[in-house]
Amino acid sequence: MAAAAASKPFKTGLKQVYLPDHVITFCRPTRQSQLPQFATFKVPLHFNKLDMRDYLLHAYSVASLGVRSAVMRQPVARNPVTRRVQRPPAIKYMTVELQKPFVWPKEPTKEERKQWHDDMTEKRAELQEKQDKQMETYQKYGKLVNPAVEKRTEDRTKLAKQAKDLVSGAAKWDNRRELDPKWTES
Amino acid sequence: MAASAPIRSSIGRVLQPATRCSAAASLLNLPLRASSSCPPNASSFSTTASLNERRPTRDNNRLRGLSSIYRSGTKGRMAVDGFATPRPADYKPKVTTDPNHGLWDFFYAKDKALPTPEEDSQHGRAWIVEELRHKSWEDLHGLWWVCVKERNRIATATRERRRLKLVVGEDQSKTRNYEIWKTMKAIKHTLTERYYAWEDARELAEKDPEIDLSGEGNPYTPRDYLEEEMEQLGLDSEAAAQQGEEKFMEEKSAAESIDPSSLPKTEQTQSSPRV
């Protein structure tokens, strides 16, 4: 900390906060295009850019070159307890430009995921998610399957296959009629 | 046909200064055949739409009609058309993270984004108030910051776990977080207690004649009751102190002489010192 304070790249604030109790979440970059020179954090709504810059310098000795902030409005949702429709509080994200790049550690592989749960649990979770989605679709469209992604009928599948064969040359078209020899292709 | 030839020529002369052949023809209500007298090279009228593309659109939108989805291509003719334009190389620089980077404090390990439930549940209990009462402010402040960083670490891991849709691990993480929360509460409790004690002490000190709160000189000048007595008797202060010590020892030894009768017998056999 002392070393970072000695090489302070900017002027820090003067107000001393002894017992801060806000929680800052480091978020993995969701966009592929985000460079390792940037780091995104979820911060409390009352945080400002200068707070963020000083916090990172003092608590983590991370020097930042710039801070960008965004307040994300949350979609209206039903309160699971009161069943009232309400909008959850907005979330503030801050993207910090770092002096030294930082690459996130890799996420667990499929083999490593078994340390959290076995295949059975994972399948159950998937099924649950599928059912939840189905329920949502039913409430929206009155159908268990979204009409936009409704499965093709068998006829359509067969027709598509025939057309594909015809185009590729695997099947030859024939209407079972004798053609005049002068019309036949050479 | 004979009459038509002079008419044609005269019309041609009439229309010569006005180059808008078709406009004149329509004005004179003549058949359009008359306009054929205009030589094709001299006519400035053109029905080709070659320059239509460059005409400004009605809303001045330069990109109207352009679509990457329908592959409409570039609208106007471009200088680079017909040349192979260079494409950016498929190159991504390899970035190595500094092993002493401060942001590693958001993780439990450098090769893992989040701890397994087993690792998460390996923790002790929270600090209790009684333990913290004996700690200095520096210790408490340091412990608070340890808690703050640990909470940040847990929040980061929780977000990552939810993103990866890992079912198990939420409870372990919550329990861990709760212990930290309890420690933080205990720290605040201790500090509040300390503040109240300080307030009471100050109130007492204001009443105490031995304590000077003005901030000048010695704040504490003890007034020993013995001093006054010694002065009355005309004795040395050192001798008085010695006397006082002896008296104290006597009292203690007297207390010890009383105690053994009340002590249980097992106490005598116990050889190891109590910790």
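Okay, let's start with chain A: of its contacts between residues at least 6 apart in sequence, 53% join residues at least 24 apart. Keep in mind that this is a predicted model.

So what is chain A built from? There are four helices and six strands in it, and along the sequence they come in the pattern α-β-β-α-β-β-β-β-α-α. As for burial, chain A has 186 residues, and buried ones make up 10% of them.

Now, where the two chains meet. Chain A puts 29 residues into that contact, and chain B puts in 32 residues. On the chain A side, strand E1 (25–27), helix H2 (49–60) and helix H3 (119–141) each supply at least two residues. The largest share comes from E1(A), with three residues. And if you sort the chain A side by type, you get 19 nonpolar, five polar and five charged residues.

Over to chain B, and a pair of helices there. H5, residues 137–163, packs against H6, residues 170–207, at an angle of about 155°, and their axes are 10 Å apart. Angles over 145 degrees count as roughly antiparallel, and that's why we call H5(B) and H6(B) roughly antiparallel to each other. Their crossing is left-handed.

Which residues make the contact? From H5(B), they include B:Leu140, B:Trp144 and B:Ile154, and from H6(B), they include B:Ile180, B:Met184 and B:Leu191. You'll also find B:Glu150 and B:Arg151 of H5(B) and B:Arg176 of H6(B) among them. Overall, the contact of these two helices divides into 10 nonpolar, five polar and three charged residues.

Definitions and conventions. Residues are numbered from 1 along each chain as its sequence is written. Chains are lettered from A and ligands numbered from 1 in the order in which they are written. This is a predicted model: local features need pLDDT of at least 70, side-chain atom pairs count only at pLDDT 80 or more; totals for chains, interfaces and linings use all residues. Two residues are in contact if their C-beta atoms, placed from the backbone, lie within 7 Å. Ala, Val, Leu, Ile, Met, Phe, Trp, Tyr, Cys and Pro count as nonpolar, Asp, Glu, Lys and Arg as charged, and the others, Gly among them, as polar. Axes are lines fitted to C-alpha atoms, for helices over the stretch in contact, and angles run from 0 to 180 degrees between N-to-C directions. Angles under 35 degrees count as roughly parallel, over 145 as roughly antiparallel, 65 to 115 as roughly perpendicular and the rest as oblique. A crossing is left-handed if the near helix is turned anticlockwise from the far one by less than a right angle, and right-handed if clockwise. A residue is buried if 20 or more other C-beta atoms lie within 10 Å of its own, exposed if 12 or fewer, and partly exposed in between; C-beta atoms are placed from the backbone.
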